[in-house]
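Reader: Could you take me through this structure, step by step? I am new to reading models of this kind.

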Amino acid sequence: MESEKMDENEWSYHGEGNKSLVVSHAQSCVVLRFLKFLPNINKSTEEVYQHLHNILDFGKHIMKQFLGENYVHHGEVVKLPLDFLKRLCLKVQSERPESRCEKEMDVSGYAMCLPNLTRLQTFPFLECRPIFCIEIKPKCGFIPSSAHITKEIKKKICRFCMHQHLKVAKGKWKRISKYCPLDLFSGNKQRMHFALMNLLQESQNNLKIFKNGELIYGCRDDQEHFLDINELAHHLKPFLFPASGLISGPQCPKTVVKELIHILTTVLLNNSTDTARAANIMPFIPLSQGRNYCEASHFCPDLLNSKHVTEATGLPKGCILYKTLQAQMLDMLDIEGLYPLYKRVEKYLEEFPEERGTLLLDGPYDETFFEKLKDLSLEDDGSISYAATKIQQYRVAMTAKDCSIMIALSPTVQEECLDPRSVIRSSKSSFIHSVSILDLDLKPYENIPHQYKRDSKIVNHYLKSIKAQEDSINLYKKSEDCTLLLQKV
Ligand SMILES: O=P(O)(O)O[C@@H]1[C@@H](OP(=O)(O)O)[C@H](OP(=O)(O)O)[C@H](O)[C@H](OP(=O)(O)O)[C@H]1OP(=O)(O)O
Ligand SMILES: Nc1ncnc2c1ncn2[C@@H]1O[C@H](COP(=O)(O)OP(=O)(O)OP(=O)(O)O)[C@@H](O)[C@H]1O
C-alpha cells in the first residue's frame, strides 16, 4: 500500500464478523481486513502484526494444502498510515450493524490486504461484466461418531440443527432454519437442492449474495433480508436467463431460483479445479464413518429412507465440499474426547511453561506443523505429544467448520476462448466462475474450554426444548382425548 496515497473516501464498509471488519476499494479489486477487539483489550502494534502474520502463514502453509491453491487467498500484511485509519474507522462506524459494535476496529497500523472475493479472481479483465457472488457458511457437515461422546443425541442430530434451538431462544434469530449442513454435504442433488433452498429462505448468517461486489441479499445481522426472494429472482433473471421474455408470469421467481440452485450445486460438486496436494499427502478420512443424515433434517423422511439417498456420500473427491469436509473431520474425538487432552497439556504447561513453543501452540505454521497434522492415529499413549497433535487437528477442524465458500459467477460471451474448467454451463447460459474460501483463521487453543461448555449448553438446551415440545404435544393429545370423551358422554 502506498501510504501517501491512502484516501478513506476510496474505501467503503463491506462487512464484518465476530473477529474482523472488511472494507473494499471502490475501483481496484481488493479489500482490507482489520482485526477487531473489545475496547478493554489493549493489543500492541507488534502483537497485531504477529497475529496477522500467523493468519497469513496458516492460510499459506496449512489451509492451502488441505483445500487447494486455487481456493485459498492468504493475502499480505500491510502497514497503513494512522491518520488514514482514524478517518476510515470514523467513516465506517455508521455503517456497522449495532450487534457487531461491541468490538472496535483495530487501528494500530496493520491489516490484511486480500483480493475482493466477491469479484472474479481469475479473470480481472472481465471486470466490466455483471458479477454475482454467493457466500455460503456451510458449518459442520458430519455427525460425530467418537466413542467419547456421552450424549446419544449427538450421534443422531447435527450440531447446527441442535444449535438452532438455542439461537432462537436467545433471540439471535427469529426462526429456526430448515437448512441442515448434512443435506448440503450429502452430495445427493435432491438433498443439496433442499439445503440451498432453505438457505435462501432463512439465510441467517449462512448465506449472502453480492451483485457487482455489493451485498443485496442475506441477513445483515440485525436487519432482515435486503430483498425478498421474489426481488432477488428479479435481479437474477436477466443474468440467468439472458434471452429474457422466455420466462415470465407467476412461475418466474421459482424458475429463476431453481436455476440458481442448479448452478450452485454444479459448482459445489465440480472437482475439475482440484489442485490440492492434500489428497496425496494427507491420509484419507473415510466419510462414511458416522451417519450421513441428521434426524432433525426437514428433508422428506420418505426420501431419506430410500437407500440411494443415505448410502455413502456422493461428494466427488476434490470438490470444494469434499475438501472442506475432510478438514472438518480432523475433529475425530469430538470436544468430549478432546477436552481431557487439553487438560493434560494445561497441567504439563503449568509445570513446564517454557515448553509451549515446542508444542507449536502458537505456531509457527509451517511444514513441521503440517506434518504433525497427518498423524491420524487414535491410540492414546498418554503422552503430551499425542494430546498436542489431537489439539492441533481439532483447531484446524474447527476452522474448517466455520469458514465460508464464495462462488463468483459472470456470464461468458460465446466467442471467448476460456479454460473449459472455469466455465459452468446451465440450460440457458454459461458462466465463468471462481470459487474461494475465506475466514481461515486458526481457532485459538484458549477457546477449547469455551467450546466444551458451549457443546453441553447446546445439547442440554436441545434436549430440554424437544422435551417441552413433546410434553405440549402429549398435553394437546390428552385434551383431545378428553374432548372426545366429553362428546361421547
Ligand atoms: O460455535 P458456533 O458454531 O456458533 O460458531 C461461531 C459463529 O457462530 P455461528 O453459529 O456461525 O453463527 C460466529 O459467527 P457469528 O459471530 O455468529 O457471525 C463466529 O464465527 C465464531 O468464531 P470466532 O469466535 O469469531 O472465531 C464461531 O465460533 P467457533 O465455534 O468457530 O469458535
Ligand atoms: N477477501 C474478501 N473478499 C470479499 N469479501 C470478504 C473477504 N473477506 C471477508 N469478506 C466479507 O466480510 C465478511 C466478514 O469477514 P470474515 O468472515 O473474515 O470475518 P470474521 O470476523 O473472521 O468472521 P467470524 O464471525 O466467522 O469469525 C465475510 O462474511 C465476507 O462477506
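Predicted model: local features only at pLDDT ≥ 70, side-chain atom pairs only at ≥ 80, totals over all residues.

Reader: Which residues come nearest to ligand 1?

Author: They are Arg100, Lys167, Lys172, Asp402 and Lys443, out of 15 residues around ligand 1. A residue is near a molecule if one of its heavy atoms lies within 4 Å of it.

Reader: How far is the side chain of Lys167 from an oxygen atom of ligand 1?

Author: An N or O atom of the Lys167 side chain is 2.6 Å from an oxygen atom of the ligand. For Arg159 the corresponding distance is 2.7 Å, and for a polar side-chain atom of Lys19 it is 3.0 Å. The protein buries 87% of the 600 Å² that ligand 1 exposes when taken alone; accessible areas come from the Shrake-Rupley method with a 1.4 Å probe, and for residues only the protein chains shown count as cover.

Reader: Which element gives the most to the shell around ligand 1?

Author: Helix α3 does, with three residues. Helices (H or I, at least four residues) and strands (E, at least two) are DSSP runs, numbered from the N terminus.

Reader: Why does ligand 1 lie between the two domains?

Author: Ligand 1 lies there because domain 1 (8-116) and domain 2 (133-464) both give residues to its shell. The domain bounds come from an automatic or database domain assignment.

Reader: New topic. How many salt bridges does a search of the whole structure find?

Author: The search finds 20. A salt bridge is a side-chain nitrogen of Lys or Arg within 4 Å of a carboxyl oxygen of Asp or Glu. One of them joins Arg87 and Glu8, at 2.9 Å from N to O. This pair links distant parts of the chain, with Arg87 in helix α2 (residues 82-93) and Glu8 in the segment before β1 (11-16), 79 residues apart.

Reader: Is Glu8 buried or exposed?

Author: Glu8 is buried, since its relative accessible area is 13%. Arg87 counts as partly exposed, because its value is 35%. Buried means under 20% relative accessible area, exposed over 50%, and partly exposed in between (1.4 Å probe, protein chains only).

Reader: What does Asp441 form with Arg33?

Author: Asp441 and Arg33 form a salt bridge, and their closest N and O atoms are 2.9 Å apart. Asp441 counts as buried at 16% relative accessibility, and Arg33 counts as buried at 12%.

Reader: Which residues are joined into one network?

Author: Salt bridges that share partners join Lys137, Lys139, Asp402 and Lys443.

Terms used
Residues numbered from 1 in each chain as written. Chains lettered and ligands numbered in written order. Heavy atoms only, no water. Polar contact = N/O pair within 3.5 Å; in protein donor to acceptor, adjacent residues only side chain to side chain.
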